[in-house]
Amino acid sequence: MTNLLKFSDIAGNIDAFDVSEAAIKAAKESYGDTKNINFINSSPLDYKYKDNTYDIIFWSDAVDYFTNNEIKRLISLFQKILKPNGHIIVKTPLTTNKPALTNNAQKSYQDDLENLTLLFEKYFEVVISNLTEYNHRSDLDIVLKKSVF
């Protein structure tokens, strides 16, 4: 989470979610003096939002910590809370059905860029769908736009 909070110097306000108290604590230690970050120790599925709240949703390295049904619920939620013409940036590791670590809490495995993109296409315009190769892993990178009808 902490690397992503670097956007705080260009964003109006940031809601930073994590279910891990340790992750929230680490983020607060790095960015606690930043006035425009709201640290939320909760699943985004459990939080109460207002419709059309966010310009951008950045969902990074967390897709696989939700079940496939939870992912569908989040996509539906994002449709409601994203402002018209808002964007979602999704970055998630391409994985198999085996967690990278034995203590990993993964609930789903995103192993196919095309299938994940097709899921998002049902709700959003896909602006970018890309596979980024790193030395230690491959990431699915998808940029989505909420179209105004």
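Student: What is the relative accessible area of tyrosine 54, and does tyrosine 54 count as buried or exposed?

Tutor: Keep in mind that the model is predicted. Tyrosine 54 has a relative accessible area of 15%. The cut-off for buried is under 20%, so tyrosine 54 is buried.

The structure holds seven aromatic pairs. In one of them, the ring centres of phenylalanine 17 and tyrosine 49 are 6.0 Å apart and the planes meet at 45°, so this pair is tilted. The two residues come from distant parts of the chain: phenylalanine 17 is in strand 1, tyrosine 49 is in the loop between strand 2 (37-41) and strand 3, and 32 residues separate them. Tyrosine 49 and tyrosine 54 also form an aromatic pair, an edge-to-face one with 6.2 Å from centre to centre and 75° between the planes. Phenylalanine 17 has 22% relative accessibility and therefore counts as partly exposed, while tyrosine 49, at 19%, counts as buried. One aromatic cluster is formed by Phe17, Tyr47, Tyr49 and Tyr54.

Aspartate 55 makes a salt bridge with lysine 83, and their closest N and O atoms are 3.5 Å apart. This pair also links distant parts of the chain, since aspartate 55 belongs to strand 3 (residues 54-60) and lysine 83 to strand 4 (residues 82-93), 28 residues apart. Aspartate 55 has a relative accessible area of 48% and is therefore partly exposed. Lysine 83 is partly exposed as well, at 30% relative accessibility.

The structure holds three salt bridges, and the other two involve lysine 91. Aspartate 139 forms a salt bridge with lysine 91, with 3.2 Å between the closest N and O atoms. Aspartate 139 lies in strand 6 (residues 138-145) and lysine 91 in strand 4, so this pair ties together parts that are 48 residues apart in sequence. Aspartate 139 and lysine 91 are both buried. Lysine 91 also forms a salt bridge with aspartate 141, where the closest N and O atoms are 2.9 Å apart. Here again strand 4 is linked to strand 6, with lysine 91 in the former and aspartate 141 in the latter, 50 residues apart. Aspartate 141 is buried, as is lysine 91. Because the salt bridges share partners, Lys91, Asp139 and Asp141 are joined into one network.

Strand 6 has a strand partner too. Strand 5 and strand 6 run antiparallel and are joined by eight bridges. Among the paired residues, leucine 131 has leucine 140 in strand 6 as its bridge partner. A hairpin of four residues connects strand 5 to strand 6.

Strands 3, 4, 5 and 6 meet again at a helix. The buried residues of helix 3 (residues 113-121) are Leu113, Leu116, Thr117, Leu119 and Phe120. Viewed down the axis of helix 3, these buried residues fall within an arc of 155°, so they line one face of the helix. They pack against strand 3, helix 2 (68-81), strand 4, strand 5 (125-133) and strand 6. Threonine 117 in helix 3 can be taken as an example. At 8% relative accessibility, threonine 117 counts as buried. Leaving aside residues up to four places away in sequence, threonine 117 touches Val126, Ser129 and Ile142.

To finish, go back to strand 1, where phenylalanine 17 sits. Serine 20 is in the loop between strand 1 (14-18) and helix 1 (21-31). With a relative accessible area of 27%, serine 20 is partly exposed. A polar atom of the serine 20 side chain lies 3.0 Å from the backbone nitrogen of alanine 23. Serine 20 and asparagine 41 are 21 residues apart in sequence, and their C-alpha atoms are 6.7 Å apart in space.

Terms used
Residues are numbered from 1 along each chain as its sequence is written. This is a predicted model: local features need pLDDT of at least 70, side-chain atom pairs count only at pLDDT 80 or more; totals for chains, interfaces and linings use all residues. Side-chain values use heavy atoms; hydrogens and water are left out. A salt bridge is a side-chain nitrogen of Lys or Arg within 4 Å of a carboxyl oxygen of Asp or Glu. Buried means under 20% relative accessible area, exposed over 50%, partly exposed in between (1.4 Å probe, protein chains only). The arc is that of the directions from the helix axis to the C-beta atoms. Contact means heavy atoms within 4.5 Å. A polar contact is a pair of N or O atoms within 3.5 Å; within protein, one must be able to donate a hydrogen and the other to accept it, and residues adjacent in sequence count only if both atoms are side-chain atoms. Two strands pair if DSSP finds at least two bridges between them. Rings of Phe, Tyr and Trp (its six-membered ring) pair if their centres lie within 6.5 Å; planes under 30 degrees apart count as stacked, over 60 as edge-to-face and the rest as tilted.
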